[in-house]
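The tour goes from stop to stop, with a selection at each one.

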Amino acid sequence: MEPVSRQKPGWLAATAAASLGLYLCLAVRYPLGPSLEDPRASWASQVDPTWQNAALHLVIYLGLTALYLAALRLLAPAQGGSETPARRPVPLIVIAWLACSGVLLFVAPAGESHDIFDYLFRGRMMVEYQSNPLAEIPDSFSLSTPYSRYLAWRKHVDTYGPIWEASSAAVAKGVHLLAARLGWWDESAAVCPKSPESCRLLIVYITSYRLLAISLTGLAAWLVASIVGRRRTGLVPLALAAWLWNPLTLMATALGGHNDAIMLALALLGWWLLQRQRPLWGVLALILAAHVKLTALIWLPACALWIVWRYGWRQALKIGVASAACALALSWLLYAPFGGWQTLPRMLQERSTFLANSPWEILQELLKETWGWQYWDAHRLATNLPNWLSLAGALLIPLWMFNFRPRRWRSAPATLEEAEHSLWRALAAVSMLCLLAGTFWFQHWYVLWALAPAVLLPEGQLTRAVLPWLALGALASNAAVSFYLSTLPKDAPDIWGATVSVAITWGPVALVATLRALAGRWRKRYRLVPAI
């Protein structure tokens, strides 16, 4: 029986319009063109770095979150209904998402992240200079190389897989062809920000990477709708809004252009295939996602154990052997043009030297400054311990949820729908554990790792009551730390910025959870007892 939606199209449209207005505020405050004058721009550097401007920025994020929660409430199913909800909200949801994405194309990316500048520089490395970003670093080029001054990662090889590198090269090649056809390709022009022509070309690059991320987000939305609609079509509008209207989704894709979009699209494709009883192809899709970012491997144990749970050990072993053989061959072919697998150790070693925006960075600083540990001893603990916690959680959570536990604690055999829901819950739980306990390097768009599986259960508390506030905290942390660091002296301890970042990221979730718990206790304590 399908639930009845309590949606009101007028209110939903008003919510979308108000959200669009807030994104327009960001476009007015942080315009793309002028931001390119400062290669090291941030949120704070694009306006006066005052607490009033910081507060206004955070109010915009709070407003977007409130409107997002209102939309989810409007689209949530009413209890006890028997009608099938209309699908009329779907076009409105998609159109509003496209409109908000279009506005964000005109917002400066430098405040959100400088990653997009690294993407386009390394894309140009492959297309214009025939260089390998998995083996060569940007510092091997001179500072006069176009757009090198905008880079964040100058002295390190790229941290992504060959699927992303090939996609990035395709974007760079497409921009070259388009610019040449428009007459905008001028190798003799001074590099941006010294010439308008070079800055115009830079805007084309930025927009192209953003459009790629927006397109992939749309593909992911189609997969979400297909997965959810296979069992309960009435929840499709809610699932789509939970994914497309989340402010973090919009900021990370239409503004930041992050390559997590392609990783998550491939991961969702894998889950879509698992739902349609194509386990071999589902595992291979997840392996391909790991060839964008290795992060996708956090979901592999849950998917593998789910296959064992559903198909039995014998069938799962056949699937495992076949998928391993295919995955090794695919991986070798994908890495071959980029120097083969020998490029991986250096990338992993370089990446593991950094801690940021996590409790583990705070722990490392405390071990060094308060307890007198040597730097590398503190660093190894602060990076290895979260890695082991993440690995343990990725194994133990699905083992418990898929009935690999003592017989007296096992649940009844699940129906196919219940089994699918168990998989989505396990994937979301693994993601949350990774964010909370297993990530020593945390960036705000990583919350999408939990959002992608969570929206497959759009009625769940994680989707409707936890992740909206975590997304707010992550976005607010990114902005607040930018303003906060602009006021700190250069010799301020690293622990200050890390503490502020962690507190703001997880503060809204903790506050809302505390308030909900207190409200529940209050209702229980003062519940009226009916007279006899």
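Buried means under 20% relative accessible area, exposed means over 50%, and partly exposed is in between, with a 1.4 Å probe and protein chains only. This is a predicted model: local features need pLDDT of at least 70, side-chain atom pairs count only at pLDDT 80 or more, and totals for chains, interfaces and linings use all residues. Residues are numbered from 1 along each chain as its sequence is written, and side-chain values use heavy atoms, with hydrogens and water left out.

**Stop 1**

Select tyrosine 147. It sits in the loop between helix 5 and helix 6. Helices here are DSSP runs (H or I, at least four residues), numbered from the N terminus. Tyrosine 147 has a positive phi of about 75°, although it is not a glycine. Is tyrosine 147 buried or exposed? Tyrosine 147 is buried, at a relative accessible area of 2%.

Now select asparagine 357, in the loop between helix 13 (344–351) and helix 14 (359–369). Its phi is also positive, about 60°, and asparagine 357 is not a glycine. Asparagine 357 is partly exposed, with 24% relative accessibility.

**Stop 2**

Select residues 115–128 and 162–182. These are helix 5 and helix 6, packed at an angle of about 75° with their axes 8 Å apart. Axes are lines fitted to C-alpha atoms, for helices over the stretch in contact, and angles run from 0 to 180 degrees between N-to-C directions. Helix 5 and helix 6 are therefore roughly perpendicular.

Show the side chains at the contact (heavy atoms within 4.5 Å). Helix 5 contributes residues including Tyr119, Arg124 and Glu128, while helix 6 contributes Trp164, Glu165 and Lys173, among them. The contact holds six nonpolar, three polar and four charged residues. Ala, Val, Leu, Ile, Met, Phe, Trp, Tyr, Cys and Pro count as nonpolar, Asp, Glu, Lys and Arg as charged, and the others, Gly among them, as polar.

**Stop 3: cis proline and disulfide**

Select cysteine 192 and proline 193. The peptide bond between them is cis, with omega near 15°. Proline 193 belongs to the loop between helix 6 and helix 7 (196–229).

Cysteine 192 and cysteine 199 form a disulfide, with sulfur atoms 2.0 Å apart; the cut-off is a pair of cysteine sulfur atoms within 2.5 Å. The link is right-handed, with 90° about the S-S bond. Both cysteines are buried.

For contrast, go to cysteine 25. Cysteine 25 is in no disulfide, and the nearest cysteine sulfur, that of cysteine 100, is 12 Å away. Cysteine 25 is partly exposed, at 34% relative accessibility.

**Stop 4: a covered helix**

Select residues 236–244, which form helix 8. How many of its nine residues are buried? Nine of nine are. Trp243 and Pro237 are among them.

**Stop 5**

Finish with helix 16 (416–437) and helix 18 (461–487), which pack at about 25° with axes 14 Å apart. That angle makes helix 16 roughly parallel to helix 18. On one side of the contact are Ala428, Met432 and Leu435 of helix 16; on the other are Leu462, Val466, Leu467 and Leu470 of helix 18. The tally is seven nonpolar, no polar and no charged residues.

Technical notes. Helix = DSSP H or I, 4+ residues; strand = E, 2+ residues; numbered from the N terminus. Parallel < 35°, antiparallel > 145°, perpendicular 65-115°, else oblique.
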